[in-house]
Amino acid sequence: MQVSIACTEHNLKSRNGEERLLSKQSSTAPNVVNAARAKFRTVAIIARSLGTFTPQHHISLKESTAKQTGMKYRNLGKSGLRVSCLGLGTWVTFGGQISDEVAERLMTIAYESGVNLFDTAEVYAAGKAEVILGSIIKKKGWRRSSLVITTKLYWGGKAETERGLSRKHIIEEIVRAMTHVINQGMAMYWGTSRWSAMEIMEAYSVARQFNMIPPVCEQAEYHLFQREKVEVQLPELYHKIGVGAMTWSPLACGIISGKYGNGVPESSRASLKCYQWLKERIVSEEGRKQQNKLKDLSPIAERLGCTLPQLAVAWCLRNEGVSSVLLGSSTPEQLIENLGAIQVLPKMTSHVVNEIDNILRNKPYSKKDYRS
């Protein structure tokens with residue numbers, strides 16, 4: 001199953017050249033469909049979609065558990081697509097930070113653990129991430145029908161016709177383009193990434209007005225220190241139009257891993273020149289406050305018999321509106337540890353969640369909460 005994720009430039013903070021490219025991924029449109037098609041041909045096993053389109057109504061977000069692996073599965077929004085509640089992302093790692101051999105090892109661990117969702121983008125490592133992902137799937141001989149591959153289109157190439165959301169960069173053109181992509185069999189569903197709630201609602205309205213296909217999910221940043229969009233804005237969209245949440249960066253680019261408790265280690269991502277923005281965030285006053293809160297959370301993790309990263313991932317999963325949490329790992333050990341969050345999820349009682357909220361003191365409130 002292929003899912004295309006559309007992104008916008010809306011309210012994105014430009015950090016540096018590389019981060020700018022990696023953060024502004026997005027959708028395809030009439031003027032970039034051929035470029036996208038050519039890209040996918042290099043990874044033909046990924047490009048071909050199987051199954052039929054399921055309308056995004058009548059199905060609720062129900063959770064099931066695989067007996068062999070213990071992995072849990074949820075509907076992607078109100079669509080009929082079932083995704084593992086933990087997925088594997090390829091940003092920074094595939095084609096860049098890690099070797100192809102390590103990438104294969106990570107995908108194998110994930111797949112054998114019940115993960116069926118793998119996320120990439122045409123801009124990741126200048127297209128190498130997509131190629132590596134497809135090559136591994138082909139080499140392993142995994143059934144294509146057992147996988148859900150999500151990709152993001154926006155910064156596809158240097159030419160003006162090879163990037164962008166559409167020829168006019170307006171939502172109606174995006175919806176028309178994604179409907180075309182699905183009708184041509186290049187994808188089965190489409191979603192958004194880093195869109196505002198207003199933009200998503202507009203896309204849905206356009207789709208309904210012109211009898212086109214609406215988005216089924218929004219890909220959003222979500223972790224202990226980034227909560228409002230996923231906890232306040234997206235639940236309303238889910239109940240109104242069935243858009244689900246696929247979240248990324250559960251460890252806040254490694255900040256929640258605990259590795260930065262005593263500064264920035266030389267071998268860490270924040271020590272790299274192209275991640276100066278991350279280092280500045282860590283050493284800032286707000287960054288120091290976050291590290292102190294993480295220290296306060298450590299006793300909770302110890303009491304539950306898990307690590308801090310596992311607690312953080314399980315905390316994301318405890319949100320019933322989240323269809324899947326994308327993990328980013330550079331080593332097999334990290335991935336195995338993060339996958340262990342599945343075992344922590346049953347321990348995330350309301351009492352534990354309240355304990356965490358009392359430490360974080362950043363729980364967002366909706367207008368409904370204020371009225372009550």
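A residue is called buried when its relative accessible area is under 20%, exposed when it is over 50%, and partly exposed in between (1.4 Å probe, protein chains only). The model in these views is predicted, so local features need pLDDT of at least 70 and side-chain atom pairs count only at pLDDT 80 or more, while totals for chains, interfaces and linings use all residues. Residues are numbered from 1 along each chain as its sequence is written, and side-chain values use heavy atoms, with hydrogens and water left out.

**View 1. Strand 7 is mostly covered.** Helices (H or I, at least four residues) and strands (E, at least two) are DSSP runs, numbered from the N terminus. Strand 7 spans residues 148-153, and six of its six residues are buried. In a regular strand the side chains alternate between the two faces of the sheet. Here, Val148, Thr150 and Lys152 point one way, while Ile149, Thr151 and Leu153 point the other way.

**View 2. Strand 6 runs parallel to strand 7.** Two strands pair if DSSP finds at least two bridges between them. Strand 6 (residues 117-119) is joined to strand 7 by three bridges, and aspartate 119 stands opposite threonine 150.

**View 3. Three strands form an open antiparallel sheet in the order 2-3-4.** Strand 2 (64-65) and strand 4 (82-84) are at the edges with a single partner strand each, so one side of each has no neighbour in the sheet. Two bridges link strand 2 to strand 3 (residues 72-75), and serine 64 has tyrosine 73 as its bridge partner.

**View 4. Tyrosine 111 and tryptophan 142 are stacked.** Rings of Phe, Tyr and Trp (its six-membered ring) pair if their centres lie within 6.5 Å; planes under 30 degrees apart count as stacked, over 60 as edge-to-face and the rest as tilted. The structure holds four aromatic pairs. In this one, the centres are 4.1 Å apart and the planes at 15 degrees. Tyrosine 111 belongs to helix 5 (residues 100-112) and tryptophan 142 to the loop between helix 6 and strand 7, so the pair ties together parts 31 residues apart in sequence.

View 5. Tryptophan 190 is buried at 0% relative accessible area.
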